[in-house]
Amino acid sequence: MPEVAQDLSIGQVAERTGLSVHTLRFYEREGILANPVRRGPGGRRFYNEDDVEWLRLCVILRASGMPLPAIREYTDLVRQGSGTEQERLALLRRHQEHVIAQIDKLTRCLDLITFKVGVYEDHLEQGPADQMCGASSLPENAEHD
């Protein structure tokens with residue numbers, strides 16, 4: 001027996017995606033949803049599992065730093081369907097490069113923080129840390145951003 005698609009309320013979708021009701025309405029206005037939101041009697045919004053999966057993708061793209069205009073562009077390309085795969089790939093590759101650069105920068109930051117934690121741990125084993133917050137305590141290869 002085939003599974004019947006269940007209508008989900010905006011509150012249920014908010015709960016399942018971690019987005020607020022306000023954000024879901026905003027995404028709808030901004031053209032971020034791949035499919036038009038269906039409306040029931042009285043104008044109530046109804047979503048389905050495909051909408052939830054699309055929103056989960058959008059949450060990941062936003063969390064990784066993709067700006068809303070780029071997500072909207074990606075959404076528009078998906079809506080256009082077959083024939084836009086090359087543009088979608090190019091957009092995602094650009095974002096992938098951005099995320100890789102972010103990870104590299106964060107890794108350098110973490111390395112510096114880890115170094116400073118080690119300095120403080122070593123110093124606390126030896127006594128108070130009166131003068132341990134300055135740049136003179138940075139490793140030589142630490143970058144300042």
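User: Which residues does T17 touch, not counting residues up to four places away in sequence?
Analyst: Happy to start there! This is a predicted model, and in it T17 has its place in helix α1, residues 10–17. Leaving out residues up to four places away in sequence, the ones T17 touches are V52, L55 and V59.

User: Is T17 buried or exposed?
Analyst: Look at the relative accessible area of T17, which is 11%. Buried means under 20%, so with 11% T17 counts as buried.

User: Which backbone oxygen does the side chain of T17 reach?
Analyst: Good one, as the side chain of T17 has two backbone atoms to look at. A polar atom of this side chain lies 3.3 Å from the backbone nitrogen of L19. The backbone oxygen that the side chain reaches, at 2.8 Å, belongs to V13.

User: Which element gives the largest share of the largest nonpolar core?
Analyst: That core has 23 residues, and V13, L24, Y27, Y47, L55 and I71 touch the most other members. Two or more residues come from each of α1, α2 (21–29), α3 (49–63) and α4 (68–80). The largest share is five residues, and the element that gives it is α3.

User: At roughly what angle do the axes of α3 and α4 cross?
Analyst: The crossing of these two helices is right-handed. Residues making the contact include W54 and L57 of α3, and L68 and I71 of α4. By type, the contact residues divide into eight nonpolar, one polar and one charged. The axes come within 10 Å, and they cross at roughly 145°.

Methods:
Residues are numbered from 1 along each chain as its sequence is written. This is a predicted model: local features need pLDDT of at least 70, side-chain atom pairs count only at pLDDT 80 or more; totals for chains, interfaces and linings use all residues. Side-chain values use heavy atoms; hydrogens and water are left out. Helices (H or I, at least four residues) and strands (E, at least two) are DSSP runs, numbered from the N terminus. Buried means under 20% relative accessible area, exposed over 50%, partly exposed in between (1.4 Å probe, protein chains only). A polar contact is a pair of N or O atoms within 3.5 Å; within protein, one must be able to donate a hydrogen and the other to accept it, and residues adjacent in sequence count only if both atoms are side-chain atoms. Contact means heavy atoms within 4.5 Å. A nonpolar core is a set of buried Ala, Val, Leu, Ile, Met, Phe, Trp, Tyr and Cys residues joined through side-chain atoms within 4.5 Å. Axes are lines fitted to C-alpha atoms, for helices over the stretch in contact, and angles run from 0 to 180 degrees between N-to-C directions. A crossing is left-handed if the near helix is turned anticlockwise from the far one by less than a right angle, and right-handed if clockwise. Ala, Val, Leu, Ile, Met, Phe, Trp, Tyr, Cys and Pro count as nonpolar, Asp, Glu, Lys and Arg as charged, and the others, Gly among them, as polar.
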